[in-house]
Amino acid sequence: VWGVEPMADAAAVARQRLDRVFEGTLMAETGLPRAHFDVITFNDSLEHFPYPEPPLRLCQQLLAPGGVVVCSLPNVRYFENMKKLLIGMDWEYEKEGILDYTHLRFFTRKSMRRTFESCGYQVLSVTGINPHHWSGWKIRLLNLIFGRYISDMKFLQYVVVARPLK
């Protein structure tokens, strides 16, 4: 298990747990071997890149035949976030969460799929994780009225599994 970590402190911790750690960001100059990895994961990290396309295209070169990318991304349409936007009428960056001040990109379930497909991937699945506990009459009423238009708002994050079309 190898890792790429831009923060020196986190890289030091990773070195205690992983077989190999590259300190820096994922780019061609990182020196990772081509056609080597069965799985490349982005664990809440792709949203920190100014442009997600270069690292996703690089992964196509790094993956072994049949390899996949597994990527967890925060869902900007998450119910609690939308409540802040619609009712609170504000977009306030925070120390963590969807509006983490270090996030450079924001994704919806739809835009996650589109991003991977536009980079030459076949999206195998997009699965919601960390669901909001839909309870109370207000949520039930919203679900009844808007149905499929709010179904993606239930999940804090989505996990995308995709493989290169090559």
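Which element gives the most to the lining of the largest pocket? In this predicted model, that element is β3, with 7 residues. The pocket has a volume of about 1100 Å³. Its lining comprises 33 residues. Nearest the pocket centre lie Gly-3, Val-4, Glu-5, Thr-41 and Ser-45. Two or more lining residues come from each of β1 (2-5), α1 (8-15), β3 and α2. By class, the lining divides into 22 nonpolar, 8 polar and 3 charged residues.

Strand β3 also takes part in the largest nonpolar core. This core has 26 residues. Those with the most contacts inside the core are Leu-26, Ile-40, Phe-42, Leu-46, Val-69, Phe-116 and Tyr-121. The elements that give two or more residues to the core are β3 (37-43), α2 (53-62), β4 (63-74), α4 (109-118), β5 (121-131) and β6 (155-164). In soluble globular proteins, nonpolar side chains tend to be buried together.

Ile-40 illustrates the packing within this core. Beyond its neighbours within four places in sequence, Ile-40 contacts Cys-59, Leu-62, Leu-63, Val-68, Val-69 and Val-70. One of these partners, Val-69, is itself listed with Ile-40 among the core residues with the most contacts.

A search of the whole structure finds 5 salt bridges. One of them joins Asp-152 and Arg-77, with an N to O distance of 2.7 Å. Asp-152 lies in the loop between α5 (137-146) and β6. Arg-77 lies in the loop between β4 and α3 (79-86). The pair therefore ties together parts that are 75 residues apart in sequence. The two partners fall into separate burial classes: Asp-152 counts as buried, at 14% relative accessibility, whereas Arg-77 counts as partly exposed, at 24%. The cut-off for buried is under 20%.

A second salt bridge lies within a helix. Here the side chains of Arg-113 and Glu-117 meet at 3.6 Å, N to O. These residues are 4 apart in helix α4, so about one helical turn separates them. Arg-113 is partly exposed, at 30% relative accessibility. Glu-117 is partly exposed as well, with a relative accessible area of 41%.

A further salt bridge links Arg-15 with Glu-23. Their closest N and O atoms are 3.5 Å apart. Arg-15 is partly exposed, with a relative accessible area of 42%. Glu-23 also counts as partly exposed, at 46%.

In the largest pocket, by contrast, the lining has 22 nonpolar and 3 charged residues.

Definitions and conventions. Residues are numbered from 1 along each chain as its sequence is written. This is a predicted model: local features need pLDDT of at least 70, side-chain atom pairs count only at pLDDT 80 or more; totals for chains, interfaces and linings use all residues. Side-chain values use heavy atoms; hydrogens and water are left out. A nonpolar core is a set of buried Ala, Val, Leu, Ile, Met, Phe, Trp, Tyr and Cys residues joined through side-chain atoms within 4.5 Å. Buried means under 20% relative accessible area, exposed over 50%, partly exposed in between (1.4 Å probe, protein chains only). Contact means heavy atoms within 4.5 Å. A salt bridge is a side-chain nitrogen of Lys or Arg within 4 Å of a carboxyl oxygen of Asp or Glu. On a 1 Å grid over the protein atoms alone, a cavity is a set of points where a 1.4 Å probe fits but cannot get out, and a pocket is an open set with protein on both sides within 12 Å along at least five of seven lines; lining residues have an atom within 4 Å of a point. Grid points are joined across faces, edges and corners, and a volume is the space filled by probe spheres set on the points. Ala, Val, Leu, Ile, Met, Phe, Trp, Tyr, Cys and Pro count as nonpolar, Asp, Glu, Lys and Arg as charged, and the others, Gly among them, as polar.
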